[in-house]
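Let us read this model feature by feature.

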Amino acid sequence: MVGKALRRRGLTAAGLLLAGAVPAMADDLCGRLTIPPELGLSCAPVEGDPAGVAVEPASGGFAALSRMTVRRLDQATDPLAWSDPAEWLRRQVAIDTSGLADGIERYADDPDAPWGGATAMLLAESVRQALESMGRAALQACAAPTTTATARSMSCRFGAGSFGLLLELRLVSVGAERWAISARSMNERRQRHFEAIANSLNPA
């Protein structure tokens, strides 16, 4: 009985330590990114992923449209990130539409809105329908992966004309470590913000 009680206490203590470690890991990773406060973005842990954080608008009717995630990869679960980076990037081309459609119709003058004016609601409905029907995105909407000294990246645009969902995928290599960055928005200005924040990543 005493042994079982000690084991239970040990498991409880381990659980508490892990629970405390998750926000600490997220704070550490968020601290490796430069996020100017005037951009109105916040950085927080990704639910269910202790190795990742999400950078997204702190408020606004179109906040759900814009999101960037940064996570450290594990070679055991993502071996292609080490052996075939271009193929790893191609396999990441999946759009998470959760929360996107619900934020479409709110504020046409929101900083993250991809449109404005009297026709905003009609355009919003057409985009809502497109997003709701979008599951796994086609690679045909993506450019070929490009390579720099420390990263592989791939850009995708889903939609037509001036309206579309922008997706930027990046695989950063620092020594034996790999970092995955994914940024999506429907606003080129916000996408540039994400690009600058991704460039600021300091894995050291």
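**Reading the model**

A: Start with one residue. Asp78 lies in the loop between S3 and helix H2 (80-83). Helices (H or I, at least four residues) and strands (E, at least two) are DSSP runs, numbered from the N terminus. The model is predicted: local features need pLDDT of at least 70, side-chain atom pairs count only at pLDDT 80 or more, and totals for chains, interfaces and linings use all residues. Residues are numbered from 1 along each chain as its sequence is written, and side-chain values use heavy atoms, with hydrogens and water left out.

Q: Which side chain meets that of Asp78 in a salt bridge?

A: The rule first: a salt bridge is a side-chain nitrogen of Lys or Arg within 4 Å of a carboxyl oxygen of Asp or Glu. The partner of Asp78 is Arg71, at 3.9 Å, N to O. Arg71 is partly exposed, with a relative accessible area of 28%. Asp49 joins Arg71 and Asp78 in a network of salt bridges.

Q: How many salt bridges does this rule give?

A: The count comes to eight. One of them is between Arg72 and Glu177, at 2.5 Å, N to O. That pair links distant parts of the chain: Arg72 is in strand S3, Glu177 is in strand S7, and they are 105 residues apart. Arg72 counts as partly exposed at 40% relative accessibility. Glu177 is also partly exposed, with a relative accessible area of 24%.

Q: Where does Arg32 find a salt-bridge partner?

A: At Asp28: the two side chains meet at 2.9 Å, N to O. Arg32 counts as buried, because its relative accessibility is 18%. Asp28, at 40%, counts as partly exposed.

Q: What is the overall pattern of the protein along the sequence?

A: Read in order, the pattern is α-β-β-β-α-α-α-β-β-β-β-α. That comes to five helices and seven strands. Of the 204 residues, 38% count as buried. Among contacts between residues at least 6 apart in sequence, 51% join residues at least 24 apart.

Q: In which sense do S1 and S2 pair?

A: Look for bridges: two strands pair if DSSP finds at least two bridges between them. Strand S1 (residues 41-46) and strand S2 (residues 49-57) pair in the antiparallel sense over six bridges. Ser42 stands opposite Glu56 in S2. The hairpin of S1 and S2 has two residues between the strands, and Gly48 there takes a positive phi near 80°.

Q: How many bridges join S2 and S3?

A: Begin with side-chain direction. In a regular strand the side chains alternate between the two faces of the sheet. S2 and strand S3 (residues 67-72) pair over four bridges, in the antiparallel sense. Val53 stands opposite Val70 in S3.

Q: What is the volume of the second largest pocket?

A: The general idea is a probe. Rolling a probe the size of a water molecule over the atoms shows where empty space is left. On a 1 Å grid over the protein atoms alone, a pocket is an open set of points where a 1.4 Å probe fits, with protein on both sides within 12 Å along at least five of seven lines; lining residues have an atom within 4 Å of a point. Grid points are joined across faces, edges and corners, and a volume is the space filled by probe spheres set on the points. The second largest pocket has a volume of about 240 Å³. Of its 15 lining residues, the closest to the centre are Ser155, Leu167, Glu168, Gln191 and Glu195.

Q: Which element gives the largest share of that lining?

A: H5, with five residues. The elements giving two or more residues are strand S5 (151-160), strand S6 (163-174), strand S7 (177-185) and helix H5 (188-199).

Notes
Buried < 20%, exposed > 50% of the residue type's maximum accessible area, 1.4 Å probe, protein only. Contact = heavy atoms within 4.5 Å.
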